[in-house]
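Please look over the sequence and the 3D structure before reading on. The report below goes through some of the parts in turn.

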Amino acid sequence: MPAHPLTEARRAAVTAALSWVAGGAVAVLHEQHVGHDWAPVTRLRLDRDLLGVGASVIVKHLRVSGEGHGGPPYLRREAAGLRTAARSGVAPRLLHVDDGAGFLLQEDLGTWPTLQDHLLGDDPPAATAALVAMATAVGRLHATTTGSDAEHRDLLDAFSSDVTSGALYDLGADHWERVERQCADLRLPAGRPARAAVLHLLGRVAARGPHTALVHLDLNPTNVLITDDGARLIDFEGSRIGHTGIDACFLH
């Protein structure tokens, strides 16, 4: 059971939105929780195809109503990020966002292994290919959103609401002592060299400049789907306009 299932009120709002998108009545035949137990992301199977979309969509909704993690600013940033990323072809298409009801509808990219699945698998060449696919997708995201500062700001401003609370990453090192302890406890390579490398990179990307584009900012391996057509990126709630080197830090 997901920690944050669709409520009856939100389900009704989602169904109404789907009917508006389709231009006629749509019924939801099946709901499938996807992602982590705490992540309010649901695949909806519909009784009809939506033009150019198909018979399934993904609905993502709020975890909390205030400023906490998973609150309205996160959903607003995701909506603006998906719209800005639309031309890249590496993110799901945003179909509808309802800020008042607290949900957004997006294209269903399908069921694919994540980058994490490949990295934890037993096929090193496949894992390598998956990392290359991720790098290619991120490069395409950056290349197609360079110079989109004003466009992205207009999308955020359209909400006339808080879009900054809980923004991911302060480009600091507050949690690195914990990371180092965990590395030692798990007998992983020492965390201190990684800390030094990351802080060096973050210092270089802190200032905005010519390498500015839409950055995802949460490229953990579960947010990268490896499809037959290359990698696709999901979960843009932390995205913002920034230095592309921030995303390169994830690859590093």
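## Basis of the model

This is a predicted model, in which local features need pLDDT of at least 70 and side-chain atom pairs count only at pLDDT 80 or more, while totals for chains, interfaces and linings use all residues. Residues are numbered from 1 along each chain as its sequence is written, and side-chain values use heavy atoms, with hydrogens and water left out.

Helices (H or I, at least four residues) and strands (E, at least two) are DSSP runs, numbered from the N terminus.

Strands of a sheet pair through backbone hydrogen bonds, either parallel or antiparallel. Here, five strands form an open sheet in the order β1-β2-β3-β5-β4, and the pairing is antiparallel. Its edge strands, β1 and β4, each pair on one side only. On average, neighbouring strands of this sheet are turned by 25° against each other, direction ignored.

Two strands count as paired if DSSP finds at least two bridges between them. β4 and β5 have four bridges, in the antiparallel sense. Val97 has Leu104 in β5 as its bridge partner.

Helix α1 covers residues 8-22, which is 15 residues, and spans 21 Å from first C-alpha to last, close to the expected 21 Å. The expected span is 1.5 Å times one less than the number of residues. Buried means under 20% relative accessible area, exposed over 50%, and partly exposed in between (1.4 Å probe, protein chains only). In α1 the buried residues are Arg10, Val14, Ala17, Leu18 and Ser19. They pack against β1, β2, β3, β4 and β5. After α1 comes Gly23, with a positive phi near 75°.

Helix α2 (residues 72-84) lies across β3, β4 and β5, at about 30° to β5. Axes are lines fitted to C-alpha atoms, for helices over the stretch in contact, and angles run from 0 to 180 degrees between N-to-C directions.

## A charge over a ring

The charged end of Arg77 sits over the ring of Tyr74, 4.6 Å from the ring centre. For this, NZ of Lys or CZ of Arg must be within 6 Å of the ring centre and within 35 degrees of the ring normal.

## Arg232

Arg232 belongs to strand β8 (residues 230-233). Why does Arg232 count as buried? Arg232 counts as buried because its relative accessibility is 16%.

Contact means heavy atoms within 4.5 Å. Leaving aside neighbours within four places in sequence, the contacts of Arg232 include Gly89, Val90, Leu109 and Asn223. Thr114 is 118 residues from Arg232 in sequence, yet their C-alpha atoms are 9.4 Å apart.
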